Amino acid sequence: MTIRKIRLSTLSAILALTGLTLFLSISQKARAVSMKINIKDLPEHGLKLIGPTHPSFQGKLSAMLKDKRDPLADALMPYAVLLENEGKKAIVGYRLKWEMTRPDGTVSVRQAGGINPGALMDEGPLGPDHPSLADGFAVKPHSTAFVSLASSLGGDYSGTVTGYAEGSPDSAALDELRLAAKEKRLPSVEDAVIADLQNYKSMTVSFDGVFFEDGTFIGPDTTGFFATVEAYVNAKRDLLQEINFAVGRNRSLDEIFSYIEELASSPLPDRKLSQADLYNLYKKMYAEEALRMRAVSNGRRAVEIELQQYQKKWPKLKKL
């Protein structure tokens, strides 16, 4: 499917029109929770979300798991959706939004998903065996991923990837859920899910943003996902450009790594991160990465590796 350009001002209306209403009833350990679920996806872009009570959910999950049972997926099912990519381009990052509504009408917003940044720092088109499409948050064309508020299963079912939600005021409870899921303590997962769901009467799951392998982005982006990833990619590109400039001006390795060490030793901000803070934080992280590379090889080889990546034509990030 060719992705056509649409104005973000019309996207909310499209999402509303594609909403589905489902009902979830869970009975575990003699306790029942009733939950109304709304699904808002983007079928016009070949992107679908399938809730846990949809008639096709179990069959599609079984096919994704290659007919194997996954007890963790079963335990997390009330918090989960299946993300289907029916388009021609691989997804390399996504952010889904859970809006949890309490009986008094107040809403808790959570986010799940992430990005495979290597896909946006390489020259395309990426082949199906490219490492950035093998696991993590990649969903190849005509593939399905299991996404929940605690952990997610990649499109090739290569293992569990972090898909933990952010944004909840009750972070301690979700931290425990994530830890229990990571350690596969299924009774604790079940207890945490049921205890949490009892606080809400409904949830709405929707796409907030999706990156494709060619750098294009779609979604309402209410959480600033695009800007965060853009800062991440730009920080790396700019550091590589600075190294390339220094080499072109015949700077010594000591001079180059002195600058990199200065970046790596920069202090972390002690406030809520702005967009500039994020950029500086990512640049600091990449500087630390370059120093580790020097430690396991040597300075000259580390610079050569960085310049090889700089010479590649990265996809341009752009909103549709």
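Axes are lines fitted to C-alpha atoms, for helices over the stretch in contact, and angles run from 0 to 180 degrees between N-to-C directions; angles under 35 degrees count as roughly parallel, over 145 as roughly antiparallel, 65 to 115 as roughly perpendicular and the rest as oblique. This is a predicted model, in which local features need pLDDT of at least 70, side-chain atom pairs count only at pLDDT 80 or more, and totals for chains, interfaces and linings use all residues. Residues are numbered from 1 along each chain as its sequence is written, and side-chain values use heavy atoms, with hydrogens and water left out.

**View 1. Packing of helix α6 (residues 225-248) with helix α7 (residues 253-264).**
The axes lie 10 Å apart at an angle of about 155°, so α6 and α7 are roughly antiparallel. On the α6 side the contact (heavy atoms within 4.5 Å) involves L239, E242, I243, A246 and V247, and on the α7 side I256, Y259, I260 and L263. Eight of these residues are nonpolar, none is polar and one is charged.

**View 2. Packing of α6 with helix α8 (residues 275-296).**
Here the angle is about 45° and the axes are 8 Å apart, which means that α6 is oblique to α8. Residues of α6 in the contact include A227, Y232 and L239, and they meet residues of α8 including L278, Y282 and Y286. The contact has 11 nonpolar, three polar and five charged residues.

**View 3. Helix α5 (residues 186-197).**
Its 12 residues reach 16 Å from first C-alpha to last, close to the 16 Å expected at 1.5 Å a residue. Buried residues (under 20% relative accessible area, 1.4 Å probe, protein chains only) of α5 are V189, A192, V193, I194, D196 and L197.

Methods:
Helices (H or I, at least four residues) and strands (E, at least two) are DSSP runs, numbered from the N terminus. Ala, Val, Leu, Ile, Met, Phe, Trp, Tyr, Cys and Pro count as nonpolar, Asp, Glu, Lys and Arg as charged, and the others, Gly among them, as polar. The expected span of a helix is 1.5 Å times one less than its number of residues. Buried means under 20% relative accessible area, exposed over 50%, partly exposed in between (1.4 Å probe, protein chains only).
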